[in-house]
Amino acid sequence: KKSIVVVALAASLAACGDNDSNDPVQVVTPPTPEPVSYTFDVTVSNLTAGQPLSPIAIIAHTEGTLWQIGSPASVALETMAEGGDNSQLLALENAIANASSEGPVGPGVNTTITLTTDSLEALKLSLATMMVNTNDGFTGLSALDVSSLAVGDSLIRTTVAYDAGTEANTEAAGTIPGPADGGEGFNEARDDVNFVARHPGVVTNEDGLSSSVLSPEHKFDNPLAKVVITSTHTEAAGTIPGPADG
C-alpha cells in the first residue's frame with residue numbers, strides 16, 4: 001500500500017510540474033512616462049533713453065555660451081550685433097528651443113517672450129539683442145542656469161553693454177542700422193579688435209566727434225535692460241493647446 005501511495009504522489013507532483021512549465025510567463029512592462037514640457041515667460045524691459053533693442057533672441061541650451069569676454073564673436077553673434085538679425089542665433093545647433101520677440105523693443109518699453117522646452121536637466125537660457133543706434137553694441141545674458149527654477153518662481157537679472165569687437169565704433173553716417181542713421185547692418189569684414197568686450201559707450205557729435213551721427217540722447221549707462229524669467233508651467237505633452245498638440 002505504501003508503494004501505491006508513493007507512486008500516486010510522484011505522479012501527482014509530475015503532473016503539477018508539467019502544468020507549471022506549460023503556463024506562459026507574463027512579463028509586465030511599465031508604462032512609458034508621458035513627455036513633459038517646461039514653459040518660461042521672459043520679460044525684458046529696455047532701460048535706456050534712446051537705444052531701441054533689436055528683436056530679442058532667447059535660446060535654451062545645455063552646453064556652451066553665446067559669447068565670452070576676450071574671445072572672438074561667432075558669425076551668428078556678429079550678424080546680430082551689427083545688424084540686429086537674430087536668425088542665425090536662433091538656428092544654433094546646440095539650441096534645444098528658441099523664441100524671439102515679434103519686433104524691436106523701444107526705450108522705456110518691455111516685452112514678454114514665452115519659451116517652451118521638453119528638458120529641464122542642466123537647462124540654460126541665453127538672451128541677446130543689439131543696441132541698434134551703435135555700430136556693434138549688444139546686450140543680454142549668456143548661459144543663465146534655470147534648471148532649478150520651480151513653477152511660479154522667478155529669476156531677475158540686469159544686463160550690461162557689450163561690444164562685439166567686429167566693427168569699429170566710428171558712428172559715421174551709413175554705418176549704423178538704427179533710426180539715428182538708417183545705415184548698413186552686417187558687414188562680414190572685421191575692422192576692430194575682434195574680441196568681445198564691455199562697451200566703452202558712444203561718443204556723440206556734441207562730445208567732439210563731429211562725424212558722429214549720434215547725439216546725447218543715444219548715450220547709455222549700465223544696466224541696459226531688466227530681465228525677469230518666470231517658470232510658468234510644467235505639464236505632460238498633449239495637455240497644452242497649440243500647434244503641436246492641436
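Guide: A cavity here is a set of grid points where a 1.4 Å probe fits but cannot get out. Keep in mind that the model is predicted. Rolling a probe the size of a water molecule over the atoms shows where empty space is left. A search of the whole structure for cavities of 30 Å³ or more turns up one. The volume of the largest cavity is about 50 Å³.

The lining is made up of Val42, Ile58, Leu125, Ser126, Leu127, Leu141, Val227 and Ile229. Seven of the lining residues are nonpolar, one is polar and none is charged. Strand 5 and strand 10 (225–236) each give at least two residues to this lining. Strand 5 has the largest share, with three residues.

Next, follow the chain past strand 5. Strand 5 spans 124–130, and strand 6 spans 137–145. Asn135 sits in the loop between them. Is Asn135 buried or exposed? Its relative accessibility is 2%, so Asn135 counts as buried; the cut-off for buried is under 20%.

What surrounds Asn135? Leaving aside residues up to four places away in sequence, Asn135 touches Ala81, Glu82, Met130, Glu167, Ala168, Asn169, Thr170, Glu171, Thr175 and Ile176.

Notes: Residues numbered from 1 in each chain as written. Predicted model: local features only at pLDDT ≥ 70, side-chain atom pairs only at ≥ 80, totals over all residues. Heavy atoms only, no water. Helix = DSSP H or I, 4+ residues; strand = E, 2+ residues; numbered from the N terminus. Buried < 20%, exposed > 50% of the residue type's maximum accessible area, 1.4 Å probe, protein only. Contact = heavy atoms within 4.5 Å. 1 Å grid on protein atoms, 1.4 Å probe; cavity = no way out; pocket = protein on both sides within 12 Å on 5 of 7 lines; lining within 4 Å. Points joined across faces, edges and corners; volume = space filled by probe spheres on them. Nonpolar A, V, L, I, M, F, W, Y, C, P; charged D, E, K, R; others polar.
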